[in-house]
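Hi,

Here is the structure I promised to pass on. Please have a look at it first, and then read on for what turned up in it.

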Amino acid sequence: MQKNDPYEALRFREFNIFILMRFALVFAWTMQFIVIEWQVYTITKDPWSLAMIGLIEFIPAFVMAPFAGHIVDQREKRNLLATCIAAFSLISLGLFLLTWPEVVKNLSKQTVLYGIYALVFFGGFLRSFFGPTIFSLIALIVPKKAYPNAATWSSSTWQMASVLGPAFAGFSIHWFGVHWTLCFVFGLVLFSLLIIFQIPKKPILNPKIGEPVIQSLIEGAKFVFKTKAILGALTLDMIAVLFGGAIALLPIFAQDILEVGSEGFGVLRAAPAVGAFITMLTTAYIPISKNAGMKLLTAIFGFGVCIIVFGLSSIFWISVVALFFSGVTDGVSMVIRQTILQLKTPDNMRGRVASVNSMFVGSSNELGAFESGLTAKLMGTVTAVVFGGTMTLITVITTGIALPSFRKLDLRKDIEDHQNEQ
């Protein structure tokens, strides 16, 4: 096996442009979501309203995901991503206008709330295209031997933006208010739209252009379900995200339980992303391909423990530490999952496989937010978080016992094959 180069993917100019674009986009997206959560809970003071945010975004994202994957595999990736970013800018502009003081004073709280929900719904529809397009574009701007390293740096960029975005959103709400924070979000989206055109258009590698939609979707689903490494990783992570969705309840913890305000909310929201980012930087130097299956199971088990500790804590710094280590464990999970997907997915099927990933994992973030809000309404906030963490532990133990082949998953040979494929 060739010596590991932690900066391999960064030696390609187009990849550097790509991660700059992704940083700006994710920074804007996470900021916007935090502001929406804060504004909605401020208006309603009801956990159910936070559940509705997750459900409203989940429905269009989940329903559209398989069709988005088909479209991505049939289209040129750079221009498709630019179109998605342009549409996202309209959502950001809409939220900016909807929170304009001169507009808000002439509208009822219900009208503002329903307007936010409508834009969130449109965002869910749009998000179904982002994941498959970005996943497919990465494979077109770096050689195959750099796929694992590119997956690590791309995920690290996502996490860095997820660290800074929520933290800055919390402080920005305190310093400038919701309205001008959303103005900054809009500016970031326009910036990402400008720099994406620095990447040239890419060839379409799918030999079945014009393939009927149903046939295309069936082929993609068959591939995922017969590739046990992909299916196992996606299923395990989906359950963890679904039941470990304590993040959606952070406005309640910040305002009512820990009583730390918008600044503390920003710190709480950023803590898991800080942990995940540190983990991902570490894995660029110390690959975790050996015994990947067992490491993934251990990481998600640790994630469940951290969620339980967070739910039971009434002390701010303990809550921050618990969320930090939930991010550390989640970072390990994300790197392993993304590496599995990049190594085991053929070029002509990347859009469809990434769409399945978004249905399993990406959309489960929103469904997890709904589950957390619903259980918080029924059980109480603390009980709901502890319940979610416990379900995560049960799922990991069950998976480890039921799928011994997944426990033995090792990615070193796959990585070596890609390094030699030039």
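Does Glu259 count as exposed or buried? Glu259 counts as exposed, because its relative accessibility is 63%; by the cut-offs used here, buried means under 20% relative accessible area, exposed means over 50%, and partly exposed lies in between (1.4 Å probe, protein chains only).

Before the rest, a note on the source. This is a predicted model, in which local features need pLDDT of at least 70 and side-chain atom pairs count only at pLDDT 80 or more, while totals for chains, interfaces and linings use all residues. Residues are numbered from 1 along each chain as its sequence is written, and side-chain values use heavy atoms, with hydrogens and water left out.

The overall picture

The chain holds 16 helices and 0 strands; these are DSSP runs numbered from the N terminus, with helices being H or I of at least four residues and strands being E of at least two. Of the 422 residues, 61% are buried. Among contacts with a separation of 6 or more, 88% join residues 24 or more positions apart, where contact means heavy atoms within 4.5 Å.

Around H9

Back to Glu259, which sits in the loop between helix H9 (250-257) and helix H10 (261-285). Its phi is near 55 degrees, a positive value in a residue other than glycine. H9 itself is largely enclosed by the rest of the structure, because 6 of its 8 residues are buried. Those buried residues are Leu250, Pro251, Ile252, Phe253, Ala254 and Gln255. Their cover includes H1, H2, H10, helix H11 (292-312), H12 and H14.

H2 covers residues 47-74, which makes 28 residues. From first C-alpha to last it reaches 41 Å, close to the 40 Å expected at 1.5 Å a residue; the expected span is 1.5 Å times one less than the number of residues. H2 also bends by about 50 degrees at Ala65, with a proline, Pro66, following within four residues. The bend is the angle between axes fitted to the seven residues ending at a position and the seven starting there.

Empty space inside

Rolling a probe the size of a water molecule over the atoms shows where empty space is left. The search finds 5 cavities of 30 Å³ or more in the whole structure. On a 1 Å grid over the protein atoms alone, a cavity is a set of points where a 1.4 Å probe fits but cannot get out, whereas a pocket is an open set with protein on both sides within 12 Å along at least five of seven lines; lining residues have an atom within 4 Å of a point. Grid points are joined across faces, edges and corners, and a volume is the space filled by probe spheres set on the points.

The second largest cavity contains about 110 Å³ of space. Its lining includes Trp29, Glu57, Ile91 and Gly123. Helix H1 (13-44), helix H3 (77-98) and helix H5 (109-141) each give two or more residues to that lining, and H1 gives the most, with 4. By type, the lining divides into 8 nonpolar, 2 polar and 1 charged; Ala, Val, Leu, Ile, Met, Phe, Trp, Tyr, Cys and Pro count as nonpolar, Asp, Glu, Lys and Arg as charged, and the others, Gly among them, as polar.

Leaving aside neighbours within four places in sequence, Gly123 is in contact with Trp29, Glu57 and Ile91. Gly123 and Glu57 are 66 residues apart in sequence, yet their C-alpha atoms are 6.7 Å apart in space.

Helix H8 (228-243), helix H14 (381-402) and helix H15 (404-407) each give two or more residues to the lining, and H8 gives the most, with 6. The lining divides into 6 nonpolar, 6 polar and 1 charged.

Ser333 lies in helix H12 (residues 316-344) and is buried, with a relative accessible area of 1%. Beyond its neighbours within four places in sequence, Ser333 is in contact with Asp237, Leu296, Ala299 and Ile300. Thr390, in H14, is partly exposed, with a relative accessible area of 33%.

Happy viewing!
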